[in-house]
Amino acid sequence: MLGLAAFGAIVSLLNRDKTFFLLAALLVTSLRIAGFNFGWDLKWIGWTLDATFVPIAKNLTLLLHLVLTLALFQELFGRRLQTDRALFLFPFLYTIYGLTAAVSSFLPAHASIALIWVLGIATTVTIFFFLVKTLRRDVSTVAIWYAMSWFVTGLGMFGEIVNALGYQHPLTKVMNSQVAAVSSAVLAGIALAAKLQLERTARLSAQRSAISALQRFRENYNAMPVGIFSMRLDGTIIEHNPSFGELFKDSGRHHSKTGENWVDLTSRQALTAIEESTTANRMMDTELAIERPDGKRRWLHTRAVRKVDRYEGWIEDITARKDAEGQLKFLVDHDSLTGLLNRRGFELQLLKAIASSGDRPICLAYVDLDRFKLVNDLFGHAAGDQILRQMATRVREVIKPPHVAARVGGDELVVIMDGLSLGAARSLCEKLRSDLSDRGYQYQDKVFNVTASIGLIRVLDEMRPADALTASDRACREAKASGGAAVVSYDATSTELLNHLDELKLVAGMKERLPVESFFMQLQPIVSLRNPESSLCYEVLIRMRDAANKVVPPGRFIPAAERNGLMTQIDRWVLRSTLEWFDSQPAHRDSVDFCTLNLSGASLNDEKFLQDAIALIRAHPESTRKICFEITESVALYDLKTTRRFVDRVKSFGAMVALDDFGAGYTSFSYLKELPADLVKIDGNFIRDVNLNRENYAITRAVVDLAHELGMGCVAEWAENAAIIKSLIDLRVDYAQGFGICRPLDRERLLAVSSSVTLVQDRETAELITGRSLESGNAERRITIPI
């Protein structure tokens, strides 16, 4: 047993494992306990212990045995004892052991023995409690052997009790505490061996897992699509995976790059970048550009970290990604079909040219192909695209740096001419027009003859890119209007350019002061030719004042507002203001037969405006019954379904609808059939010459008769004199409007009148209207206009 203990101690020292040391010490204490119980003490090895030290040695041996038993139990089942209860009980027992060892030498022998026996029982109960819990969770071989060691201890104690009671049996001779102590220690050693076997099995399993993981790592390392490498601080490659070799392979050479230098594979700058950017705590992440033998650039993405004597990192080829990024950046400012600048690129280039021009002139040409839409319609977009590519090629042949061309529309180009006077720019435009127009465009087996119209301007200092573009576009439209295949240029004194700049200022003022500060309303009376003295009607006309409080002619600001998308806001303001004014003047409102309002095409085709208009009508029901919305033919036919829906909605609230400029279009009769209108406003071009042109007279009579047959009233516009009004009366027109009757007036002027005829400025015209009415009496059929 001593030899076994010595072996355990040696194993403990060699493996630095305290478990074997605990087992060796437990074997020694078990021998001591057996020696005490048999009366051997140390005589069996030839030593005689002084009798005075026997009790002390015995007490310390028993206490040490308890400590070792508890410590060995913890070592065997330590991971299963990490509970709050165990973490409290075990340190507590060690503390009691220490206190008992300190006081046992001062207690009588029987008292110290009794105390140690109590501690032994407590230790046994504690170990037995946790052992049972362990067995219930996991019946392992370690737990079984350890449980057998305690079973043998129990048998020994049972044999001692039987002997003490006087029962003699051959088994009781071996069932004693001495044999039990030694046997229990041996079984504990077997439990320890079982634990070692389990640990060895687990270690072997871990080793196999580690080897398998290492093998998978190696496979992954070799299969990684990026190059992984290690290199010395001087750039010599130590190790790399196959992808790294593929990345730098040369034709006819082995893929291994071990031993080669980073500088030879990439460049000196690449190694310098790694040296300067990497530390032990910071990983370098950079993109390297390498010039290839073919002159193209190769891009590499590299990440590396510095170790004590080497660099470790990975590298991948990102040339394709860089090329794609370059292509995307190109497409941001360039047209994908022609390769020319797009609108964004054009604006940036023009801003750049203006900012750097100083006193250097900048000209802008707007190029539009004539009859290009016909090619698209007849032969498809593939033919059109081919023509555009050929056109771009011809443009590049003529337009050289520093001049720049851009595509801003379907078949529309602009050319920025940097540093050319207007005369020189015009000469260049003539050459460009000739190159684009004089040669045909080939598509498959067809040749298309397409000409180009060009508008040219000198870009002024105060112009924005959008303003310059619209000005050159206006010049181009003038070139197309003259027959196409021409160049029209505007210099700084051109009336057209000055008018355009004035319009830009006008629109800017409208946007800043829209709508209340800029606009006001006037009313133009509409006189009833049937019941002139009992009818009050008028049309609401929008007027504008500029920043200097001067009235701007409608012919200037209304087209400008239409071209710049402001008419919807203006129409909304006119409708709201008219309804609110009617509500504020109920007496006047009740005396009015109807009040006409014009709706622009932008408003009638704007769903948001239509919703807002219905909301306003619903909020002013009494005033709505006096409103008559004027809709022109071109606007109505653009989206007849939407127009019909709007007409039905407003009429359901009691409003009226008039068909404006009737007869000016080509589909007026169909237009008259589709929309349930209340009034027809005959186009003024027929009325102005009704006495000078037989056709106009006949058309007017036909329109009046048709309107009456359909239950509609007629309003004649542009009634400029008494002769025209007399003809209108003869033609049985219901209402007349024009300067010959009354010019537009401020709203306050109409508050004091009960009929429109009282506002007729020409006495002869007034007498003609009222006299006709009195003479006719009841002889003429009275036309009733629904309100």
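Which helix gives the most to the nonpolar patch? That's H6, with three residues. Keep in mind that this is a predicted model: local features need pLDDT of at least 70, side-chain atom pairs count only at pLDDT 80 or more, and totals for chains, interfaces and linings use all residues. Residues are numbered from 1 along each chain as its sequence is written, and side-chain values use heavy atoms, leaving out hydrogens and water.

**The nonpolar patch**
- Met-1, Leu-4, Phe-7, Val-139, Ile-144, Trp-145, Met-148, Val-186 and Ile-190 make up this surface patch, and together they have about 770 Å² of accessible area.
- Helices H1 (2–15), H6 (141–164) and H7 (177–223) are the elements that give two or more residues to the patch.
- Val-186 sits in helix H7, and it counts as partly exposed because its relative accessibility is 34%.

**Helix H1**
- H1 has 14 residues and reaches 20 Å from its first C-alpha to its last, close to the 20 Å expected at 1.5 Å a residue.
- Ala-5, Gly-8, Val-11 and Ser-12 are the buried ones in H1.
- Looking down the axis of H1, you'd see its buried residues fall within an arc of 120 degrees, so they line one face of the helix.
- Over on the other side of H1, Gly-3, Phe-7, Leu-13 and Leu-14 are exposed.
- Just after H1 comes Arg-16, with a positive phi of about 55 degrees.

**Terms to know**
- Buried means under 20% relative accessible area, exposed means over 50%, and partly exposed is in between (1.4 Å probe, protein chains only).
- Patch residues have over 30% relative accessible area and no salt bridge, with nonpolar side chains (Val, Leu, Ile, Met, Phe, Trp, Tyr) joined within 5 Å and like charges within 9 Å.
- A salt bridge is a side-chain nitrogen of Lys or Arg within 4 Å of a carboxyl oxygen of Asp or Glu.
- Helices are DSSP runs (H or I, at least four residues), numbered from the N terminus.

Notes. Areas by Shrake-Rupley, 256 points an atom, 1.4 Å probe, with all protein chains shown as cover. Expected span 1.5 Å × (residues − 1). Arc of directions from axis to C-beta.
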